[in-house]
Amino acid sequence: MKPYIEFDRSFEGLEPSSTLYINETVNDRWQRGETVYHMGFGESRFDVHPIIKAALTRHADKKSYLAAKGLKPLCDVVASYYSDKLATSFSSDQVIVGPGSKALIYGLQMVLNADLFLPTPSWVSYAPQAKLVGRQYHYIPSSPEDNYELRVEQLDQLVKKSSNPCKLLVINSPNNPTGQIFSEDKLREIALYCKENGIWVLSDEIYFEVTHGQGAHHSISKFYPEGTFVLGGLSKHLSIGGWRLGVGLLPNTSMGKEIMQKLTVLASEVWSGVASPVQFAAIEAYSQHQELEAYVAECRDIHGIRTRFFNHQLKSLGIRCTRPEGGFYIAPNFDQFKPGLERLGIETSTDLARYLLDEHAIATLPGKDFGIPEKTHSLRLSTSYLDFETEFDAQRLLDLYRHEDGVKRFMSEENHPNMHAALQAFSDFVDSIK
């Protein structure tokens, strides 16, 4: 007799993370010898800095379990790091370490029986995580015409419709998928509204060290410390996403302490602790070594130069794009080409992403995966893989950046052949739908 199986209904309609899926799809095509311009996966491709690499090697013998909340000296240095960087004050007791910020975001959603409020667009995993833990989620309407601005009045309309007294707003700045950042004034406005209405804020600041536009990064925790969870980690600015180390900083209040206790219980029962050698190495990563800080600044500048260059070239083709100010993301919209898209049978953002991959070898992600209405022809592009396809490209581009005189020379076709080829593919596509 075969064992009976019944799946939890929370998995209904869910597929593997679209970001991981597109990365696997592209890798499969590359292995078959196909040309694909990989703009579907955001992963900083720079080399691991020698200071961190040496620290991991030095602590490879650390084999014992650590506290579920995280190694105490690591929590100390994380609190100091974020206090300095975000111009606020955190203590070690407010810090929890997890296997990537993704797991901590999931943990917070599990601990809090809260309705989730998500800006449109939002990172692909927030809503599926809410579904997995049985929470209601609501997308705050916005449009590409107004650069997906989060309007408090739109949030308020959804808040008033929710009967759940526990509410959690998720913001992500710099933003994935748009590359945009929240201004200080906008954060003050959001903070005041959430404070007046008793709404928790999950501030996903994983890209804050990759802010490269004209605006500076600001954290909403400065304006609403008693109600904000700050999430971060090592993956984006230090290019070590696979190390899986994230951090959460919780409010220094009685409720914050209670949430920390429950989150620590969850950690002890689910992941026990982040790998011990990685936690010891992370102490060095968060210690603000001058050499390491300079390296992060170089990588950030290169991400900015490349992303703004690609964005400018897309706009010159007549494509509406968000203004990238952090990370390595652009959110183009093709609605102005709707008649031409319909001639090709492209009715949704999923159709658009599939067509670009099959007909123009450009791997992207559809806006639908980020909560944008499916009939809106928006995509998310990442510049982080173009001309970073091999293990030698990071050092090649870093050396070029250090020695080339001027952005124009650095971004030449000779130095960035795949980026220029991808732009030509976009140009060909636009010509076909005009």
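Predicted model: local features only at pLDDT ≥ 70, side-chain atom pairs only at ≥ 80, totals over all residues.

I started with helix α6 (residues 152–161), which lies across β3, β4 and β5, where contact means heavy atoms within 4.5 Å. Helix α6 runs at about 155° to β4; axes are lines fitted to C-alpha atoms, for helices over the stretch in contact, and angles run from 0 to 180 degrees between N-to-C directions. Helices (H or I, at least four residues) and strands (E, at least two) are DSSP runs, numbered from the N terminus.

Residues are numbered from 1 along each chain as its sequence is written, and side-chain values use heavy atoms, with hydrogens and water left out.

**The seven-stranded sheet**

I traced an open sheet of seven strands in the order β2-β8-β7-β6-β5-β3-β4, with mixed pairing. Strands count as paired if DSSP finds at least two bridges between them. At the edges I found β2 (95–98) and β4 (137–140), each pairing on one side only. From one strand to the next, the twist averages 20°.

I then checked β3 (residues 115–119) against β5 (residues 167–172): they run parallel and are joined by three bridges. Phe117 has Leu169 in β5 as its bridge partner.

Helix α8 (residues 254–270) lies across β2, β6 (200–204) and β7 (228–233), and runs at about 25° to β2.

**α3 and α9**

Which way do α3 and α9 pack? Helix α3 (residues 72–85) meets helix α9 (residues 276–285) at an angle of about 30°, with the axes 9 Å apart.

**Salt bridges**

I searched the whole structure and got 26 salt bridges, meaning a side-chain nitrogen of Lys or Arg within 4 Å of a carboxyl oxygen of Asp or Glu. One I looked up is Glu209 with Lys85, closest N and O atoms 3.1 Å apart. Glu209 sits in the loop between β6 and β7 and Lys85 in helix α3, so this pair ties together parts 124 residues apart in sequence.

**The three-stranded sheet**

Last, an open sheet of three strands, order β10-β14-β13, has antiparallel pairing. Ile330 stands opposite Leu381 in β14.
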